[in-house]
Amino acid sequence: MTSFLDPLISFVSAHPWLAYLTLFLAALLEAVPVVGSVIPGSTIILALSALVPGGELALPWVLLAAASGAVLGDGSAYWIGHRQQRKILNTWPLTNYPRVVAESESFFHRFGTWAVFFARFVPPIRAFVPVTAGALGMAPAKFYAVNIPAILVWAPAHVLPGVLAVSALHEYAGLHHHGHVGKHIWMLTVVGVAIVALSVWTLHRRQIGRP
């Protein structure tokens, strides 16, 4: 795994714009209904944040790429729902995910306007609440008044942990930036936690689906 990460870090260092584009697309696609439930956008953002302390990526651009992708993704999903109204919830491919659609609608009814804020931090319904908000007739001004502040919290919450963790490893554990060890530890930890979380979630969904 380390032999794979070193060339990746070197490549990102030489072509940082590709990393920013990847961050943008990860945040955008994670907000797309159905697609967002399978794209590991948060994992990608958390992992690439490890490249900020060593200077491979710049923190302001990482935050901007993640936030702008999320705004465009959420906004696009919302406007599709706003234009199509409730019929979008009964249209393919959403009809293949009736349980998640029902959970998103229930989540929206339970928390009201704040569902748009909270959903930003709750996969996989994160990918379904914006379109649901539009389909249920939430006003555009109200949606963006909650969605944009949520994204401005969400982006740092996904970027800063990696920045702080890798910086702490270098500062207090005596690891050198040029050795990439701190970056390896953080990236492998993020991927490992994501795999465990996905496995637990999949098992839970299968158990719920049993008669």
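The largest pocket takes up a volume of about 790 Å³. A pocket here is an open set of points, on a 1 Å grid over the protein atoms alone, with protein on both sides within 12 Å along at least five of seven lines. Its volume is the space filled by probe spheres set on the points, with grid points joined across faces, edges and corners. There are 27 lining residues, meaning residues with an atom within 4 Å of a point, and those closest to the centre of the pocket are Pro40, Thr43, Pro123, Ala194 and Leu198. Helices α3 (41–48) and α9 (181–209) each supply at least two residues of this lining, and α9 gives the most, with 9 residues. Helices are DSSP runs (H or I, at least four residues), numbered from the N terminus.

All of this comes from a predicted model, in which local features need pLDDT of at least 70 and side-chain atom pairs count only at pLDDT 80 or more, while totals for chains, interfaces and linings use all residues. Residues are numbered from 1 along each chain as its sequence is written, and side-chain values use heavy atoms, with hydrogens and water left out.

Next come the charged pairs. Side chains of opposite charge can pair when their charged atoms come close. A search of the whole structure turns up 3 salt bridges, each a side-chain nitrogen of Lys or Arg within 4 Å of a carboxyl oxygen of Asp or Glu. In one of them, Arg126 pairs with Glu30, and the closest N and O atoms are 2.8 Å apart. That pair links distant parts of the chain, 96 residues apart: Arg126 sits in the loop between α6 (114–119) and α7 (129–135), Glu30 in helix α2. Arg126 is buried, at 4% relative accessible area, and Glu30 is buried with a value of 4% too; buried means under 20%, exposed over 50% and partly exposed in between (1.4 Å probe, protein chains only).

Glu56 and Lys183 meet in another salt bridge, at 3.9 Å from N to O. Here the partners are 127 residues apart, with Glu56 in the loop between α3 and α4 and Lys183 in helix α9. Both Glu56 and Lys183 are buried.

Arg120 and Asp74 also form a salt bridge, at 3.0 Å from N to O. Arg120 lies in the loop between α6 and α7 and Asp74 in helix α4, so the pair ties together parts that are 46 residues apart in sequence. Arg120 is buried, with a relative accessible area of 1%, and Asp74 counts as buried at 2%. Helix α4 covers residues 59–84. Leaving aside neighbours within four places in sequence, Asp74 is in contact (heavy atoms within 4.5 Å) with Ala31, Arg120, Pro130, Phe143, Asn147 and Ile151.

The structure holds 1 cavity of 30 Å³ or more, a cavity being a set of points where a 1.4 Å probe fits but cannot get out. About 40 Å³ of space lies in the largest cavity, and its lining is made up of Asp74, Val116, Ala119, Arg120, Arg126, Val129, Pro130 and Asn147. Helices α6 and α7 are the elements that give two or more residues to this lining.

On the outside, Trp17 is found in helix α2 (residues 16–30) and counts as exposed at 53% relative accessibility. Trp17 belongs to a nonpolar surface patch with Leu21, Leu25, Leu29 and Val35, which together have about 420 Å² of accessible area.

Methods:
Patch = residues over 30% accessible without salt bridge, like charges linked within 9 Å, V, L, I, M, F, W, Y side chains within 5 Å. Areas by Shrake-Rupley, 256 points an atom, 1.4 Å probe, with all protein chains shown as cover.
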